[in-house]
Amino acid sequence: MPVQTQCILSVKSPLGPPIEILKHVFPAQSNKPRVSFVTGLHGDELEGLYICHRLMRYLKELKTTYPNAIQGEINIYPAVNPQALENSTRLWPFFSLDINRTFGPGQSPSLAVETSQTLLDDLQSSSDIVIDFHSSNLHLMELPQIRIIKDFEKKLLPLAKKSNVDLIWVHPNADIFESTLGFNLNRSKIPTLVIEIGICHRIHQSMGDQIFNGMLSLLHHTGTLNITPPSEKIIEPRQVQPDQVAMVQASHSGLFIKQVEIGQTLEKGDKLGKLIDPVTGNVLEEIVTPCPGLLFTLREHPLTHKGSPLVRIAKSVGEQ
Amino acid sequence: MKEKILTLPNPFGGDLELYKNTWGKSGEPLSIVSGLQGDHLNGMFLNSHLTQFLDSIVEGLHPHYTLTGQVQTFPVVNANSVRSGSRLWPLDGMNMDLAFPGNPDGETAESIASTIWQHTRDSFWGIILQSAPPHYEDAPHIQVYKPDGRVKKMCTDLRIETVRRQKESSTQKVNLFHQWQDISSVILSAGSPRTINPQQCETLFQGILNFMKAEGILKDHRNKKPDSKTKARIYKSDEEISVRTTTAGMFLKEVKVGSHLKQGQKIGEVRDIYSGKRLEEVTAPEDGLLVTLRQYPIVYEKEPMAIILTAKKSWREYLPF
Ligand SMILES: [Zn+2]
């Protein structure tokens, strides 16, 4: 069976062409786990779009070269927040609304809530596992990583380990997650990995390629694809708990001039950067690393307010 | 007394400052918060009106009134978004009302949220002033979650006719209102974002005045009996109907928010922007009170144009006055 493209939601728009949310279905040869990939919930996060592009190309080719390779249905939702993507904004611009805060019960009626409910229903009816791709916000650059809420650790950790991410961060639940897609799918017993890659407004091809390979490894692991992934070895990710993560925050407001790069291994006392006062020309703060470890979050947007995160470090063993 | 409760440095000068006003002797106060969103101007206007009023009482310019309790107001919470003339602060794009209880050592929104929470947590009563969501207009009304006896009494004392009982939602735990669950508290909503409607504000102002008098926060020496004709009605969430579009274009409303609609009554119509042709007539599916009406005319399909509070259940929950 060829790839099918379905429209899961179509909304008439005031100027003509409707808003449509599409999904591509790669039908299965048997009933191995169905895996769905979602990207574009935040319209300025583009790294996942590139990964989904690579997945679609790969799977389409596989259909001709190894017609029996797809043993479990694969669904790709390549652009689930079309208006935000068109405008390259995190929020759905017409409503100034973060659609990834509209999932779950009790939300007041709106088109955004209708949309998130439709997406959630569709994913629930067609997936055994879901991957939701995100990039960071305007401010921070993230090494490819998966953050797992403690309650879902048992189911998610084995999947996360196959995903070729640099880091897996297991942390306690926070109330703010309860309105996200990932939380609501996990709560409905559909294991969902939220993969965070890079930064918004950019595509880092090497990170995208890394996660693309990770997704093939994952699909092979679940039996959804029955061919060996064509790639090199999968990264053994660093696994951290909250007490193994050090965050350095700004104690002044100014411009952050970084002196490190993401992914670096740091020693205690290494220079991270400085905070400068753009008006007076003074240096407000020289920032050094408080502990040795892996630099997995780095401030990219220089404009910094007091309390803003500058870096996150996965502490080296023995530093916890 | 105007008091600065938080100062956050700005990289380009002009610190961000958060203020509260306090009147009356120490004790468990009534806290009134507005400006959680930068475009909720009705609440900020109402708080400023209240400031004038309470100042004049304290200065002895209102011989009929004596302040016997304590009131504290927080006119502007999301100060950055007010400064930028927008609903949210463009730099973080965060809905301020999803940042509670906050963190004193966190980023700007978390730090502001924490300050507001710390200054209001010992209140006896709490009132949040808000406007409708973007693109809508609300008739003045009260919102409550699970109302206990104390909250029902608040509704009675406010003498505002319409009370909506809200569903518990997936975002509520990070709202200010949820942090106040041990405080007798309500939300008062009126009007549209980005506008001031003095008439709607006056309705809420009179409500707050009624409340302060009934609770003994304010003493009216004239001993006037309150107008007993007003009856409040608590509507449950399943008594709300949202009337949605089936087409998209320009919505022209034909009714006023706050009016009582008859089943089949026209609310407005959607016209095609290019041809001007009428695409659909939006009508009330049942009798009821029009509590929320679409204000911004450009509309998509499946958008609510109106929220009607119906009386479809056989029972009615009236609050006695
Ligand atoms: Zn995102």
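A: Helices and strands are DSSP runs, helices of at least four residues and strands of at least two, and they are numbered from the N terminus. The model is a predicted one.

Is A:Asn81 buried or exposed? A residue is called buried when its relative accessible area is under 20%. A:Asn81 has a relative accessibility of 1% and therefore counts as buried. Its surroundings can also be named. If the neighbours within four places in sequence are left aside, A:Asn81 is in contact with A:Gly40, A:Leu41, A:Arg90, A:Trp92 and A:Ile99.

The next loop of interest in chain A runs between α2 and α3 (111-126), and A:Ser88 is found there. A:Ser88 is not a glycine, yet its phi is positive, at about 50°. With a relative accessibility of 28%, A:Ser88 counts as partly exposed.

The zinc ion comes next. Which atoms coordinate the zinc ion? The donors are ND1 of A:His42, two OE atoms of A:Glu45 and ND1 of A:His134, at 2.0 to 2.3 Å. The angles among these four donor atoms run from 58 to 153°, and the site is irregular. For a tetrahedral site all angles would have to lie between 85 and 135 degrees. Along the sequence, the donor residues follow the spacing H-x2-E-x88-H. A:His42 lies in the loop between β3 (35-39) and α1 (47-65) of chain A, while A:His134 belongs to strand β5 (residues 129-134) of that chain, so the pair ties together parts that are 92 residues apart in sequence. Both histidines are buried: A:His42 has a relative accessibility of 3%, and A:His134 has a relative accessible area of 7%.

The helix α1(A) also takes part in a helix pair. α1(A) packs against helix α6 (residues 205-221) of chain A at an angle of about 50°, and the two axes are 9 Å apart. This angle makes α1(A) oblique to α6(A). The crossing of the two helices is right-handed. From α1(A), the contact is made by A:Tyr50, A:Ile51, A:Arg54, A:Leu55 and A:Tyr58; from α6(A), the residues include A:Gln205, A:Gly208, A:Ile211, A:Phe212 and A:Met215. An α-helix has 3.6 residues a turn, so residues three or four places apart point the same way.

Strand β1 (residues 4-13) of chain A holds A:Ile8. A:Ile8 counts as buried at 16% relative accessibility. Apart from neighbours within four places in sequence, its contacts are A:Ile21, A:Lys23, A:Tyr77, A:Thr118, A:Leu119 and A:Asp122. A:Lys274 stands 266 residues from A:Ile8 along the chain, and their C-alpha atoms are separated by 48 Å.

B:Ser31 is buried, with a relative accessible area of 0%. Not counting residues up to four places away in sequence, B:Ser31 touches B:Gln72, B:Phe74, B:Thr120, B:Ser123, B:Trp125, B:Gly126, B:Ile127 and B:Trp180. From B:Ser31 to B:His49 there are 18 residues in sequence and 15 Å in space, C-alpha to C-alpha.

B:His49 is one of the residues of α1(B) that touch α6(B); others on the α1(B) side include B:Phe45 and B:Phe53, and among those of α6(B) are B:Leu204, B:Phe205 and B:Ile208. The axes of helix α1 (residues 41-58) and helix α6 (residues 198-214) of chain B come within 10 Å and cross at roughly 50°. That angle makes α1(B) oblique to α6(B), and the crossing is right-handed.

Some backbone details of chain B complete the view. Helix α4 (residues 149-158) has the buried residues B:Val151, B:Met154, B:Cys155, B:Thr156, B:Asp157 and B:Leu158. Just after this helix, B:Arg159 takes a positive phi of about 55°. B:Phe100 and B:Pro101 are joined by a cis peptide bond with an omega of about 5°, and B:Pro101 is found in the loop between α2 (79-83) and α3 (108-120). B:Lys302, in the loop between β18 (298-299) and β19 (304-309), is a residue other than glycine with a positive phi near 70°.

Notes. Residues are numbered from 1 along each chain as its sequence is written. Chains are lettered from A and ligands numbered from 1 in the order in which they are written. This is a predicted model: local features need pLDDT of at least 70, side-chain atom pairs count only at pLDDT 80 or more; totals for chains, interfaces and linings use all residues. Side-chain values use heavy atoms; hydrogens and water are left out. Donors are N, O and S atoms within 2.8 Å of the metal (3.2 Å for Na, K and Ca); water is not among the atoms, so sites may look incomplete. Four donors count as tetrahedral if all angles lie between 85 and 135 degrees; four count as square planar and six as octahedral if opposite donors are over 155 degrees apart and all others between 65 and 115; anything else is irregular. Buried means under 20% relative accessible area, exposed over 50%, partly exposed in between (1.4 Å probe, protein chains only). Axes are lines fitted to C-alpha atoms, for helices over the stretch in contact, and angles run from 0 to 180 degrees between N-to-C directions. Angles under 35 degrees count as roughly parallel, over 145 as roughly antiparallel, 65 to 115 as roughly perpendicular and the rest as oblique. A crossing is left-handed if the near helix is turned anticlockwise from the far one by less than a right angle, and right-handed if clockwise. Contact means heavy atoms within 4.5 Å.
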